[in-house]
Amino acid sequence: MIKDILFDLKNLEYNDADNLMKREYIISLPTYQFLNKIKFFDSEILEILLYNICQRVVPSWEFNLNDKQLRPAIFAFKRYLLSKDIDELVAYDTEILSPKVDCSYSDTSGAAATVYNSIRFVLTKDVVFATYALSDADIANTLDFEKWLEEIAVPNSLEKKICNYEETKAFSYDCYDDLYLSFFEELKLKS
């Protein structure tokens, strides 16, 4: 099954998906089919993949807003992965909206929606939310997201491995390095 997942990843067509689209359409998308295959194989792998993606988008929010508002939700997500205690994660089942109205709106709204939809997946196990999260992360402007997903995030997640600092920031903007470092330093204290 892992070989099938990796094969599908190499041939994956990335599609936009959001909650304004009909559910039937979302379910028909290759990204949904891919993520559903992972969930069917092992739901925990999909949770880890979504967590790794959340780590990746943090700087898209923080760089544009000088704000660390997404961190507590991501830290709670990691604690959930380590303990499987879902109670704390329920408190973060609230979408944070971007206050931006300029060209950085897609970066910030994409990052916030990635975190929200990833948590919604954990709480509901509905792959539609995972599909939204993947689409949101793709617009969050982390540079070479698809390359990072294929070469680092999915392989690590298939091994049930959370990406470290170097893996998370790979292929990303150099100006995000300090934000990733700050995030991982705080993550050590919060986990």
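Leaving out neighbours within four places in sequence, I found I96 in contact with W61, Q69, L70 and A112. A reminder to myself: this is a predicted model.

Next I looked up where I96 belongs. I96 lies in a loop, with helix 6 (87–90) on one side and helix 7 (105–124) on the other. Is I96 buried or partly exposed? I read a relative accessible area of 21% for I96; buried means under 20%, so I96 counts as partly exposed.

I also checked a separation from I96 to K190. These two residues are 94 residues apart along the chain, and I got 21 Å between their C-alpha atoms.

Then I turned to backbone angles. Most residues other than glycine have a negative phi, so I was happy to look up the exceptions here.

Which phi does N141 have? I noted a positive phi of about 60 degrees for N141, which is not a glycine. I placed N141 in the loop that joins helix 8 (127–139) to helix 9 (145–158). The relative accessibility of N141 is 29%, so I logged N141 as partly exposed.

F171 came next. F171 is not a glycine either, and I read its phi as positive, at about 65 degrees. Where is F171? I found F171 in the loop between helix 10 (165–169) and helix 11 (177–190). With a relative accessible area of 28%, F171 went into my notes as partly exposed.

Conventions:
Residues are numbered from 1 along each chain as its sequence is written. This is a predicted model: local features need pLDDT of at least 70, side-chain atom pairs count only at pLDDT 80 or more; totals for chains, interfaces and linings use all residues. Side-chain values use heavy atoms; hydrogens and water are left out. Helices (H or I, at least four residues) and strands (E, at least two) are DSSP runs, numbered from the N terminus. Buried means under 20% relative accessible area, exposed over 50%, partly exposed in between (1.4 Å probe, protein chains only). Contact means heavy atoms within 4.5 Å.
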